[in-house]
Amino acid sequence: MWDGNNDVKEQATLQSIPTRLLALLQEDVSCEVRAAALYAMAIYCGASGSANPEVNGEGGTGRMSHLSEEDHLELEFGSAAEAIKIIKADASPIVRKEAVVLISALVNEWHGYFIVAAWVQWEEDKATKASESNNPSIADLALDDWIRGLRSKSTEVKRRHRKYLNYIFFLLTQVYDLAADPHIEVATLASTVVDFVTAMLLESPFARIRGTTVRSSTSSTLNSRIRKASASVNTSASVSRQGSTTNITSSTPPSLQRADSAPQVPTRTLPGLMRTSSIASALGSLANLAMGGQSAANSAPPSPSQSYHSEVEHLPAPAINLARYLSPYPRLSIPEPFTLTPSASFSSLGASSPLANGQNSAQNENYGLTDAYEPSDVVSALISRDLMRFSSRRRSPETGLSGPGQHLSHEYNIDKARFSDLEELGLDAGASLVQTLPLKSRLYDWCLEYYKEPQMRHLDEDEPGSLPYTRQMWRRTRDEEILRKTIVSGQQAPSRSWSHAVSTWKLPFAPKSVTFHHFDPHVAVANEAAHV
């Protein structure tokens, strides 16, 4: 009922329906009930339950005109995080699939928050692998500067903004884990979400400024043209797990392997933040995917008993796998020739370029980057942009009002000129990608299949209406009629003479015993040699 209906979502919130759904996740023993509760939560948070493929979810939890922006954001982030926290170790695949759909609805609505979370995950992972020292990483310093840059000096306001980001960190780490789920449908859906987040990170200003280690394989202005021409060049770059650019001498991109989402080394964490190491593999996967390779969900690594040159064909996917991986990049068939300008990130892709020769110098990595902005500026701009969209969503189309309280975006100190410059660096990173989110769940359609099947089916033998049952009832009626007709003759038979001949049988042997059927006209005769 609340699919795309803001008024129903608001009434459901007033009646504490989301709290009841969370209780079902925690108490009900039926996996179908838990999956249905998550399905309802996903639609509540902005997913779509429509069977029309052209209808996609949007709008998050709606307007919630009776709540302030602080309470509304706490409701939207907190409800989703609490639901994922309850079922993160659920043993049922259908429940975990609905969890991925729920997270995808949040990713679709809050691009900036998830880009920031993915960037911090990447920088912390890089810092941990590069050094064992306790010096703060780039991400630590950027988050500290971001908090100090808020207009309000209240400790409570700063704690609240950090809490919102912690919710997103938790959801992001959970979808990384689900991308390595042993159930193929869960892993396929989660890989779609992870790749979209990673693609947004590669297209964001974090890859265009100095002071960060995230580097897109192309410049912001030539991304689409380089992807189109990548099939015709003989070298391609992919981001390794350590974040460096590695040359591939073959013209065919290497096959991808699924990212390992389990934490492998203890990391120095900020208060309340959880991290895994899968963002590094996800960046590597997206770099290859952008250059024309296959997705991790569609290319599984060979088993230990098989080599990469094995001629054994992979077994086809099981018929129950209804999930389909969706790439954030469009599939390009015909490469177009292009000419790089001096403003590109790399001066040339020919044999004489440092990239083609296998040289990965810091000078080449930083070529074409800007020094005008710090990472904290990008963090503030991305989150502020999300909060401005949040305020627009809450605005009533009739009155133009957006509920009680002040706008959260007003707590960020960013002028319009700086915001416009960051827009040119890719602040709206998700706009240039294929809009694969939010994912759509098939749970409702699956539940309806029972009622859509024809109800006229073959009945069981002991059910009224079946042929065996009808025959049995006819025989019973016939036998009862025979008994009523012969009961009088049976009472008179002992006192009457048996002189009337009914039939004469000629047998090939002398009978010893004769047995008549009680109701049917059948008789069995046997002799001493057991001949019947």
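A residue counts as buried under 20% relative accessible area, as exposed over 50%, and as partly exposed in between (1.4 Å probe, protein chains only). By that rule D90, with a relative accessible area of 13%, is buried. The model is predicted, so local features need pLDDT of at least 70 and side-chain atom pairs count only at pLDDT 80 or more, while totals for chains, interfaces and linings use all residues. Residues are numbered from 1 along each chain as its sequence is written, and side-chain values use heavy atoms, with hydrogens and water left out.

The overall make-up of the chain comes next. The protein chain holds 16 helices and 4 strands. These elements are DSSP runs numbered from the N terminus: helices are H or I with at least four residues, strands are E with at least two. The chain has 532 residues, and 45% of them count as buried. A contact means heavy atoms within 4.5 Å. Of the contacts between residues at least 6 apart in sequence, 73% join residues at least 24 apart. The accessible surface of the chain is about 28,700 Å², and carbon and sulfur atoms account for 54% of that area. Accessible areas come from the Shrake-Rupley method with a 1.4 Å probe; for residues, only the protein chains shown count as cover.

D90 sits in the loop between α4 (69-87) and α5 (93-109). Its side chain reaches the backbone nitrogen of S92 at 2.8 Å. This is a polar contact, a pair of N or O atoms within 3.5 Å; within protein, one atom must be able to donate a hydrogen and the other to accept it, and residues adjacent in sequence count only if both atoms are side-chain atoms. Not counting residues up to four places away in sequence, D90 touches R34, V95 and R96.

C31 belongs to helix α3 (residues 31-44). The residue is partly exposed, at 22% relative accessible area. C31 and I94 are 63 residues apart in sequence, yet their C-alpha atoms are 7.6 Å apart in space. Leaving aside neighbours within four places in sequence, C31 is in contact with S92, I94 and V95.

Helix α7 (residues 138-148) has buried residues A139, D140, A142, L143, W146 and I147. Seen down the axis of α7, these buried residues fall within an arc of 165°, so they line one face of the helix. The arc is that of the directions from the helix axis to the C-beta atoms. The cover over the buried residues of α7 includes α6 (111-130), α8 (155-178) and α13 (375-394).

Charged pairs were examined next. Side chains of opposite charge can pair when their charged atoms come close. A salt bridge is a side-chain nitrogen of Lys or Arg within 4 Å of a carboxyl oxygen of Asp or Glu. The count by this rule is 21 salt bridges. In one of them, E156 pairs with R159, with the closest N and O atoms 2.7 Å apart. Both residues lie in helix α8, 3 residues apart, about one turn of the helix. An α-helix has 3.6 residues a turn, so residues three or four places apart point the same way. E156 is partly exposed at 43% relative accessible area, and R159 is partly exposed at 42%.

R208 forms a salt bridge with E203, with the closest N and O atoms 3.7 Å apart. Here R208 is buried, at 6% relative accessibility. E203 is buried too, at 8%.

In helix α16 (residues 467-492), E481 and R484 lie 3 residues apart, about one turn of the helix. Their side chains meet in a salt bridge at 2.1 Å, N to O. E481 is partly exposed at 32% relative accessible area, whereas R484 counts as exposed at 52%. Salt bridges that share partners also join R475, R478, D479 and D520 into one network.

V523 is partly exposed, at 34% relative accessible area, whereas V525 is buried, at 13%. V523 forms a nonpolar surface patch with W505, L507, V514 and F516, with about 480 Å² of accessible area together. Patches are made of residues with over 30% relative accessible area and no salt bridge; like charges are joined within 9 Å, nonpolar side chains (Val, Leu, Ile, Met, Phe, Trp, Tyr) within 5 Å. V525 and T515 are 10 residues apart in sequence and 6.6 Å apart in space, C-alpha to C-alpha. Leaving aside neighbours within four places in sequence, the contacts of V525 include L507, F509, P511 and V514.
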